[in-house]
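Here are my notes on the model, point by point. Please read them with the coordinates open.

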Amino acid sequence: MLDAQATKAPPSLLYMVKQVELVVRSHLDDLVRPSGITALQYTALTVLERHDGLSAAQLARDSFVTAQSIADLVRSLEGRGLVRRERNPRNRRELLILLTDEGRELLGRHEGAVRELEERMVRDLTAHQTEQFRQALTTAWHALS
């Protein structure tokens with residue numbers, strides 16, 4: 001007789017991706033909590049570090065939050081002096097969100113610990129497997145975007 005476990009289908013990829021996301025977010029929250037920010041706020045800061053001067057809508061999309069939640073998130077970061085808003089010179093009705101020096105400094109303080117977390121996540125993979133993993137995640141993201 002076959003073992004019941006042997007006949008069960010493996011968990012779906014969507015389920016597995018969500019598991020990874022949740023555990024990463026939990027660890028990231030633990031890492032950045034001493035600075036008084038959340039993993040979502042940290043993510044928004046890293047987005048601005050790569051692409052400074054985004055509109056709220058762009059920042060929301062790239063930070064994986066709704067347009068409604070980005071307003072509170074930005075207000076909180078601005079209150080802490082980590083971001084600032086200024087008028088878009090090409091569209092005076094639009095405000096752009098920019099990373100401040102304080103925001104860059106905060107990111108710098110967490111850079112090593114975040115890199116260690118990422119290295120821990122892939123430590124049992126070879127460099128080639130890690131690059132394949134990165135490419136597979138990018139391909140999956142593009143397929144759904």
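1. Start with Thr-130. Its relative accessibility is 19%, so Thr-130 counts as buried. The cut-off for buried is under 20%. Keep in mind that this is a predicted model.

2. Where does Thr-130 sit? Its place is in helix 7, which covers residues 127–144. Set aside residues up to four places away in sequence, and Thr-130 touches Val-122 and Leu-125. Thr-130 and Pro-11 are 119 residues apart along the chain. Their C-alpha atoms are separated by 21 Å.

3. Is Leu-73 buried or exposed? At 10% relative accessibility, Leu-73 counts as buried, because the limit is under 20%.

4. Which residues does Leu-73 contact, leaving aside neighbours within four places in sequence? They are Leu-40, Gln-41 and Ala-44.

5. Next, a helix pair. Helix 2 spans residues 13–32 and helix 6 spans residues 101–121. They pack at an angle of about 155°. Their axes are 11 Å apart. Angles over 145 degrees count as roughly antiparallel, and helix 2 and helix 6 are therefore roughly antiparallel to each other. The crossing of helix 2 past helix 6 is right-handed.

6. Which residues make this contact? Helix 2 supplies Val-20, Val-24, His-27, Leu-28, Leu-31 and Val-32. Helix 6 supplies His-110, Ala-113, Val-114, Leu-117, Arg-120 and Met-121. By class, the residues of the contact between helix 2 and helix 6 are nine nonpolar, two polar and one charged.

7. Last, the strands. Strand 1 (residues 83–88) and strand 2 (residues 91–99) run antiparallel. How many bridges join strand 1 to strand 2? There are six. The link from strand 1 to strand 2 is a hairpin through two residues.

Definitions and conventions: Residues are numbered from 1 along each chain as its sequence is written. This is a predicted model: local features need pLDDT of at least 70, side-chain atom pairs count only at pLDDT 80 or more; totals for chains, interfaces and linings use all residues. Side-chain values use heavy atoms; hydrogens and water are left out. Axes are lines fitted to C-alpha atoms, for helices over the stretch in contact, and angles run from 0 to 180 degrees between N-to-C directions. Helices (H or I, at least four residues) and strands (E, at least two) are DSSP runs, numbered from the N terminus. Angles under 35 degrees count as roughly parallel, over 145 as roughly antiparallel, 65 to 115 as roughly perpendicular and the rest as oblique. A crossing is left-handed if the near helix is turned anticlockwise from the far one by less than a right angle, and right-handed if clockwise. Contact means heavy atoms within 4.5 Å. Ala, Val, Leu, Ile, Met, Phe, Trp, Tyr, Cys and Pro count as nonpolar, Asp, Glu, Lys and Arg as charged, and the others, Gly among them, as polar. Two strands pair if DSSP finds at least two bridges between them. Buried means under 20% relative accessible area, exposed over 50%, partly exposed in between (1.4 Å probe, protein chains only).
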